[in-house]
Amino acid sequence: MSARIIDGKAIAAELRAKIAGEVARLQAAHQLVPGIAVVQVGDNPASSVYVRNKAKAVAEAGMRAFDHTFPENVSEAELLTLIGKLNGDAQVNGILVQLPLPPQIDAQKVIASIEPDKDVDGFHPLNTGRHASGLPGLVPCTPLGCVMLAKTVLPSLSGLEAVVIGRSNIVGKPLVQLLLAEDATVTVAHSKTRDLPSVCRRADLLITAIGRPEMVRGDWIKPGATVIDVGINRVPGEGRESRPAGGAGKYKIVGDVAFAEAEKIAGALTPVPGGVGPMTIACLLLNTLRAACAQNGLEAPQIGG
Ligand code: NAD
């Protein structure tokens, strides 16, 4: 058996096209152009690539981008002052602070200073609480993208055994809430889980958010299972990029799942790159569109499930 490859790039492109259509409609009907402010501190190369990709996607969707870049030594007070201004700016519907932040800045304090209705990353404690209570609110982009990808191959997640590896606030934990909302039976595995391969073998839907290159082997996967690989890991090898952060030499990007092994046993599988990554950016645009509608008393368009 050879797994069906879930083409995140194509699925994300389709979603972005629908979002662009809605943005054009909003502008024509309400003279409203959704805007997102992206705040970056320092020049971490991985963050810069991500921020550039975001800026391109925002422009293609017809939205406005407001970019704010600070040097690595910026003070927490300066950052909080900017966020205060963005919170009060009606042209800014979404605020995203690129993580990680340098050590002199308390990232939790910065996240908590964002107006919750503009928190398009969905990391504000109020949105986390709303989400956990089943109330409407902005949901983190990567987990949202994972569930959308799973639903392209699984008509319903109801009653399925879903195993999530990873319990971070950014991916693992919000995924649990989304999967519960879809009526899946959810297990969260992490670095202290005993006999991880057996836990994984129970999964009809396996989602890996670990950050360990190709850790999940083919024989950990239940035959026919759907596997969503969130991991982004740099390993030495012939890749498309040739300037890794902090060193010379070529590298390539791999996921948390040993793709060549998994492909032979899974029913469906996301590639890395080209799986979850493109969906994260598309979901950021979706959250910005939803935030802009909510802030202007308009009903959110029925796209993205
Ligand atoms: P994190 O480091 O905060 O969390 C990793 C989790 O993996 C932890 O909960 C830890 O308990 C678990 N873990 C670590 N080693 C383990 C082991 N040996 N066995 C079982 N569990 C183990 O990372 P994160 O921010 O959640 O990101 C996870 C991965 O997803 C990273 O590779 C990251 O780059 C990637 N990521 C991708 C996207 C995307 O858009 N595709 C977005 C966010 C994160």
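Several elements cover the buried residues of α2, including α1 (8-30), β2 (35-41), β3 (64-70), β4 (94-97) and α10 (276-295). Keep in mind that this is a predicted model. The α2 residues that are buried are Ser47, Ser48, Val51, Lys54, Ala57 and Val58.

How does the span of α2 compare with what its 16 residues should give? Helix α2 covers residues 45-60, and at 1.5 Å a residue it should span 22 Å; the C-alpha atoms at its ends are 23 Å apart, so the two agree. After α2 comes glycine 62, which has a positive phi, near 85 degrees.

## Where α6 meets α10

Helix α10 turns up again here, this time with α6 as its partner. Two packed helices are described by the angle between their axes and the distance between the axes. For α6 (residues 141-153) and α10, the angle is about 110 degrees and the axes are 8 Å apart. An angle of 65 to 115 degrees counts as roughly perpendicular, so that is how α6 sits relative to α10. The crossing of these two helices is right-handed.

Which residues make the contact? On the α6 side they are Cys141, Thr142, Leu144, Gly145, Cys146, Met148 and Leu149. Facing them from α10 are Val276, Met279, Thr280, Cys283, Leu284, Leu286, Asn287 and Arg290. Sorted by class, the contact of α6 with α10 has ten nonpolar residues, four polar and one charged.

## Histidine 131 in α5

Histidine 131 belongs to helix α5, which runs over residues 125-132. Is this side of the story buried or exposed? Histidine 131 has a relative accessibility of 14%, and because anything under 20% is called buried, histidine 131 counts as buried.

Setting aside residues up to four places away in sequence, histidine 131 touches Val139, Pro174, Gln177 and Leu178.

## Leucine 80 in α3

Leucine 80 is found in helix α3, residues 76-87. Its relative accessibility is 25%, so leucine 80 counts as partly exposed.

What does leucine 80 contact, once neighbours within four places in sequence are left aside? The residues are Lys109, Val110 and Ser113. Isoleucine 114 is 34 residues from leucine 80 in sequence, while their C-alpha atoms are 8.8 Å apart in space.

Notes
Residues are numbered from 1 along each chain as its sequence is written. This is a predicted model: local features need pLDDT of at least 70, side-chain atom pairs count only at pLDDT 80 or more; totals for chains, interfaces and linings use all residues. Side-chain values use heavy atoms; hydrogens and water are left out. Helices (H or I, at least four residues) and strands (E, at least two) are DSSP runs, numbered from the N terminus. The expected span of a helix is 1.5 Å times one less than its number of residues. Buried means under 20% relative accessible area, exposed over 50%, partly exposed in between (1.4 Å probe, protein chains only). Contact means heavy atoms within 4.5 Å. Axes are lines fitted to C-alpha atoms, for helices over the stretch in contact, and angles run from 0 to 180 degrees between N-to-C directions. Angles under 35 degrees count as roughly parallel, over 145 as roughly antiparallel, 65 to 115 as roughly perpendicular and the rest as oblique. A crossing is left-handed if the near helix is turned anticlockwise from the far one by less than a right angle, and right-handed if clockwise. Ala, Val, Leu, Ile, Met, Phe, Trp, Tyr, Cys and Pro count as nonpolar, Asp, Glu, Lys and Arg as charged, and the others, Gly among them, as polar.
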